[in-house]
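This report covers how the chains of the model are related and how they meet. The sequence and structure come first.

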Protein chains: 2
Amino acid sequence: MLKLYDDPDSGNGYKVQLLLHLLGTLYELVEVNAIQGATRKKSFLAKNPNGKIPLLELEDGSLLPESNAILFYLAEGTPWLQDDRLGRAQALQWMFFEQYSHEPYIAVLRYWVRHTSKTPENEPQWAAKEKGGYAALSVMERTLRASDWLLGEKPSIADISLYAYTHVADQGGFDLTRYAGVCAWIGRFPELPGYVPFPGRLKESDDRKV
Amino acid sequence: MLKLYDDPDSGNGYKVQLLLHLLGTLYELVEVNAIQGATRKKSFLAKNPNGKIPLLELEDGSLLPESNAILFYLAEGTPWLQDDRLGRAQALQWMFFEQYSHEPYIAVLRYWVRHTSKTPENEPQWAAKEKGGYAALSVMERTLRASDWLLGEKPSIADISLYAYTHVADQGGFDLTRYAGVCAWIGRFPELPGYVPFPGRLKESDDRKV
């Protein structure tokens, strides 16, 4: 059986768990508390030298880190990944956009709001993080005003990748109501057969306000 | 013919040009000066709403941004991308590592050293950028001490992706001599048939010291 090392508060981990549920794939979950430093322990670094969850362990013991690489691995040969060369590259385009132009702003501000509040180190970066996050949402809005899903009429791993932190962007202080296309797209996910909610979305009572 | 929009000082763009040369694929190069703001102009944003180079325009007019998505598109069906499912996912694993855990440290410090020097905005982040860059080099070193290329005995797009900014990391102040495996790996690239050097490497005289 597949084994997934994950922290339930991680949107990067939720991407993988959501796809596994949508695919109906059974897996064993190993909870790793990243905030308490479990990903920096020697035993975990032996599995992923980059010290990050999620991490997928295959039946043969092979180890695959990086949420979007895991999504691609799991989705190959299923309806969740395009079966043409350009379509696959476009799914990857959105996933690289997610890791470079979206997550470092939207996920990081959510993390700061929930776990550190404003500190002398992060306060000078706060405005730039907000600006970058809104820029990413605007890029998504442009596409999602014109089509139901990022790559057209059917959902793909590009949507799963971007949904994870977008639908909890309000937890980092982002106002999603400005983005009608993005909001309508978020509303389509719970209708997907097999959908599971993000544990990190449900723990609203833990949220700290800055 | 393929058309590539690129800034010759961008390592992200160099990745694509290097692979095109290694494949022997002819392409038309359209130079876009990102530093002078050409990627924020309306005409360019109409092609890539995220306002970044490199951007590949296919023969049929389709537009593909994101350097690593372009590498994947160009490499499918060639010896530069693994032909097994796990191998493809492992190539992507290194490319997502590159965009999240490597480029934001190593490429950003290189950019600051060359184009902005220390400013009140970036100075508080300088030490964290150095730490993150060295952490990324250490992850690479662990693998490159044990094998010639990131995925084993043959070079792949994972190597091309990481080579671009690693081999010019010294331009951002990083001391590569600590990493014998990484240095040996860098030394293998010029031997590859079709190799072309990075224009941004050659312009050493432009380097500014901080």
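Predicted model: local features only at pLDDT ≥ 70, side-chain atom pairs only at ≥ 80, totals over all residues.

The same surface serves both copies, since 100% of the contact residues of chain B recur in chain A.

## Extent of the interface

Chain B and chain A each give 34 residues to the contact (heavy atoms within 4.5 Å). Between them they bury about 3,300 Å², 65% of it on carbon and sulfur atoms; buried area is the accessible area (1.4 Å probe) lost on being put together, summed over both parts. B:Arg85, B:Phe96 and B:Tyr100 supply 23% of the area that chain B buries against chain A, more than any other three residues.

## Salt bridges

The interface holds 2 salt bridges (side-chain nitrogen of Lys or Arg within 4 Å of a carboxyl oxygen of Asp or Glu). One of them joins A:Arg88 and B:Glu76, at 3.0 Å from N to O.

## Conventions

Residues are numbered from 1 along each chain as its sequence is written, and chains are lettered from A and ligands numbered from 1 in the order in which they are written. Local features need pLDDT of at least 70, side-chain atom pairs count only at pLDDT 80 or more, and totals for chains, interfaces and linings use all residues, while side-chain values use heavy atoms, with hydrogens and water left out.

Notes. Buried area = accessible area lost by both parts, 1.4 Å probe.
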